[in-house]
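Me: I'd like to learn how to read a protein model. Can we go through it one feature at a time?

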Amino acid sequence: MKSMSPSNVTEPTVDALAVADSAKRHLMQPWDMVDQLGDEARPVLDRAEGVYLYDGEGNRLIDGPGGMWCVNVGYRRQEIADAISHQAMQLGYNSPWFSTSAPAAELAQRIAEKTPGDLNRIFFTTGGSTAVDTALRFVHFLNNLRGRPEKKMILSRGDAYHGSTYLSASCSGKMRDKDHLDTARELVIHLSSPNPYRRPEGMTEADFCDHLVDEMEAKIEEIGADKIACFIGEPILASGGVIIPPEGYHKRVEALCRKHDILMIADEVVTAFGRLGHWFASKEVFGVQPDLITFAKGVTSGYVPLGGVAISEKLFSEIERSEDGVMFANGYTYSGHPIACAAALANMDVIEREDLLAHVRDIEPYFLGRLKELEDLPLVGEVRGRGLMACVEAVASKTKRTPLALDKKVGERIDRHTEAMGLVVRPMYNMCVMSPPLVIERPQIDVMVEILREGVLRTQKDLEAEGVWSPADAAA
């Protein structure tokens with residue numbers, strides 16, 4: 001496959017070299033290698049439209065990750081820009097400690113109409129990390145009111161990602177993300193990753209599900225249910241590599257939580273607002289009714305930061321019956337920010353008017369089917385996904401499912417090749433993740449898969465030339 005055609009190149013509106021120079025000298029970005037600060041700048045983006053990004057050199061690229069799992073309705077939506085502008089001129093900010101706004105109240109009601117069951121109380125935050133942090137603090141607050149101050153421990157899982165605040169990061173199970181950082185280890189119990197691809201050799205998926213459930217029950221017995229406050233889990237472990245737990249797992253985890261009086265938090269920061277073809281995935285896709293749901297990302301399609309927690313009426317009623325003067329002393333300067341809420345309302349309008357939830361359900365088999373074709377490549381161990389989120393995992397050996405020795409860099413290598421041809425993927429160690437805008441169409445999926453295939457092929461050639469891998473290894 002050749003490099004990008006001239007028709008996909010436009011005149012940039014920014015001085016990419018100047019932007020890169022300023023970034024290298026002053027900008028510290030998330031997950032930066034601090035010993036390499038200033039050595040290189042990340043690619044400069046100029047503008048975007050639909051499913052496309054345009055970099056500082058004017059090159060057009062398909063946005064495979066959809067920003068960071070978040071640009072659900074696509075870029076350059078006039079109606080969202082208009083809503084942001086109008087609200088900024090109407091009421092640019094209000095203190096949530098002393099007032100509220102029409103957009104916040106309307107959005108809370110509208111989200112409550114979409115949440116499953118009785119999750120009708122909405123607490124707005126600044127993003128996914130603070131949404132998870134708020135949910136966990138609410139659970140601890142509730143148990144204090146219940147007279148159970150010892151019931152505070154949190155069940156989470158390996159390969160989970162729940163955020164970057166101290167408490168939410170403590171729940172995350174991606175070990176490499178914790179290098180040189182402290183966490184609340186005394187509060188969090190990490191169960192095994194529910195990754196079927198990494199299950200023990202010879203174990204069926206059904207047996208693997210039994211194993212996970214047995215492990216969870218044994219851990220509850222060991223710690224004591226009277227010490228465990230909640231279980232938190234993503235319906236699909238997104239940043240862990242789009243890990244879809246085995247069939248029946250979610251319902252059995254819910255049953256264990258109910259049996260042992262453990263609250264269930266569904267972290268839907270990624271899966272809510274259409275990513276799986278529904279407003280929320282817990283009930284509609286996996287058949288479970290959480291006590292709390294966290295959301296962010298797709299609620300505004302990434303146009304402005306916003307997150308939140310949906311809390312059940314049953315839990316909330318306990319607070320209402322509690323003693324006078326009890327305060328949930330948690331909140332943020334930008335909780336329920338009127339501009340963010342106005343953007344979210346406009347975003348929901350787009351999703352409904354264009355029936356994007358049905359579009360995702362309709363295009364899902366094509367999206368996953370085309371990507372699944374990449375499994376014929378020697379370097380690709382598995383392609384997995386649901387809705388419009390998928391992962392391509394590279395391995396040294398297909399039969400042994402062993403990662404490559406340089407697994408931290410393989411995803412980055414593939415991404416460098418695909419970017420040169422017009423596609424951005426999200427590299428994660430030995431994996432490439434895709435979660436494109438929900439408006440993507442079949443021809444764009446075809447281009448995406450064609451470029452990704454060529455990117456993997458070129459990476460295979462690189463690895464062979466360096467003598468670190470060969471096609472023969474794939475069958476070993």
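Me: Is Asp-355 buried, partly exposed or exposed, and what are the cut-offs?

Reply: Buried means under 20% relative accessible area, exposed means over 50%, and partly exposed is in between, using a 1.4 Å probe and protein chains only. Asp-355 has a relative accessible area of 47%, so Asp-355 is partly exposed. This is a predicted model: local features need pLDDT of at least 70, side-chain atom pairs count only at pLDDT 80 or more, and totals for chains, interfaces and linings use all residues. Residues are numbered from 1 along each chain as its sequence is written, and side-chain values use heavy atoms, with hydrogens and water left out.

Me: Where is Asp-355 found?

Reply: Asp-355 is in the loop between H11 and H12. Those labels come from DSSP runs numbered from the N terminus: helices are H or I with at least four residues, strands are E with at least two. The phi of Asp-355 is near 50°, a positive value in a residue other than glycine. Ser-301 also has a positive phi, near 55°, and isn't glycine either. Ser-301 sits in the loop between strand S9 (292–295) and strand S10 (307–311), and at 1% relative accessibility Ser-301 counts as buried.

Me: How many residues does helix H12 have, and how far does H12 reach?

Reply: For the expected span of a helix, take 1.5 Å times one less than its number of residues. H12 (residues 356–372) has 17 residues and reaches 23 Å from first C-alpha to last, close to the 24 Å expected.

Me: Where does H12 bend?

Reply: The bend at a residue is the angle between axes fitted to the seven residues ending there and the seven starting there. H12 bends by about 45° at Ile-363, and a proline, Pro-365, follows within four residues.

Me: What covers the buried residues of H12?

Reply: Contact here means heavy atoms within 4.5 Å. The buried residues of H12 include Leu-356, Ile-363 and Phe-367. Their cover includes helix H11 (338–353), S11, S12, S15 and helix H14 (442–466).

Me: What is the order of the strands in the open sheet?

Reply: Strands of a sheet pair through backbone hydrogen bonds, either parallel or antiparallel. Two strands count as paired if DSSP finds at least two bridges between them. This open sheet has 4 strands in the order S11-S12-S15-S14, with antiparallel pairing. Its edge strands, S11 (380–386) and S14 (426–428), each pair on one side only. Strand S12 (residues 389–394) and strand S15 (residues 431–434) are joined by 4 bridges. Glu-393 has Met-431 as its bridge partner in S15.

Me: How many salt bridges are there?

Reply: Side chains of opposite charge can pair when their charged atoms come close. The rule is a side-chain nitrogen of Lys or Arg within 4 Å of a carboxyl oxygen of Asp or Glu. The count comes to 29 salt bridges. One of them joins Glu-382 and Arg-384, 2.6 Å from N to O, and both residues are buried.

Me: How far apart are the closest N and O atoms of Arg-370 and Glu-373?

Reply: They are 3.1 Å apart, in a salt bridge. Arg-370 is buried, with a relative accessible area of 18%, whereas Glu-373 is partly exposed at 36%.

Me: Which residues are linked in a network of salt bridges?

Reply: Arg-77, Glu-79, Arg-353 and Glu-354.
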